[in-house]
Amino acid sequence: MEGVLVKKRWQIRWVSFIADFLLSGMVVGPLVAPFLAASGLPLLPVIADIIYFMGRHVCPQPDMGVVLASPHIMAVCMRCYGTVTGLLVTRLLYGVTGGKGFYWLSQYGWSGVAVAIVLMMAYPLELAAQVLGLWSFHNYVVTPFGFMTGLAWGLLTMPILHGGYRSPTS
């Protein structure tokens, strides 16, 4: 019997590709914006301005970003970047596990959604506590709350976005 050559066709899962593309932008954009703004090269500050524009519209406190290329700061605060980091961690975990594991919340239906919502409340509750004066903004305080929210979002949505979602009845 002669050897058989099997050709595997690459199929792009568009929802997964778009989700990864957006996540990549959310991870890299806030970090590179200060360096692009400080570069002084043509066009790079314009790209930085676009990233800062997006940051101002998604982050409740973009002026609290960390200084990376003085005087330029990250495009979002560390609470928001903690959320993005939580999403990145769950995406990497999904890549390793393929959506198998008890911790993927989408497999539990509405109960998983409820758990995710409770965990996602870490971000707004911490922000409310800060606004009410219970504590002041500090990167070491806000980052873990954002991270917990990002983990909750990721544990709920990664199987749905990347194709491992199975309804509890199937």
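Predicted model: local features only at pLDDT ≥ 70, side-chain atom pairs only at ≥ 80, totals over all residues.

Q: How many salt bridges does the count come to?
A: The count comes to two, where a salt bridge is a side-chain nitrogen of Lys or Arg within 4 Å of a carboxyl oxygen of Asp or Glu.

Q: Which residue pairs with Arg91?
A: Asp20 does, with the closest N and O atoms 2.6 Å apart. The pair links distant parts of the chain, with Arg91 in helix α3 (residues 78-97) and Asp20 in helix α1, 71 residues apart. Helices here are DSSP runs (H or I, at least four residues), numbered from the N terminus.

Q: And Glu126, what is its partner?
A: Glu126 forms a salt bridge with Arg79, and the closest N and O atoms are 2.4 Å apart. This pair also joins distant parts of the chain: Glu126 lies in helix α5 (residues 122-131) and Arg79 in helix α3, 47 residues apart.

Q: Is Glu126 buried or exposed?
A: Glu126 is buried because its relative accessible area is 1%, buried meaning under 20%, exposed over 50% and partly exposed in between (1.4 Å probe, protein chains only). Arg79 is buried as well, at 0%.

Q: Changing topic, how many residues are in the largest nonpolar core?
A: That core has 24 residues, and those with the most contacts inside it are Leu23, Cys80, Tyr81 and Met158. A nonpolar core is a set of buried Ala, Val, Leu, Ile, Met, Phe, Trp, Tyr and Cys residues joined through side-chain atoms within 4.5 Å.

Q: Which helix gives the most to this core?
A: Helix α3 does, with six residues.

Q: What does Cys80 touch?
A: Leaving aside residues up to four places away in sequence, Cys80 touches Val58, Cys59, Pro60 and Tyr123; contact means heavy atoms within 4.5 Å.

Q: Lastly, is Trp14 buried or exposed?
A: Trp14 counts as exposed because its relative accessibility is 52%. Trp14 is found in helix α1 (residues 14-39).

Terms used: Residues numbered from 1 in each chain as written. Heavy atoms only, no water. Helix = DSSP H or I, 4+ residues; strand = E, 2+ residues; numbered from the N terminus.
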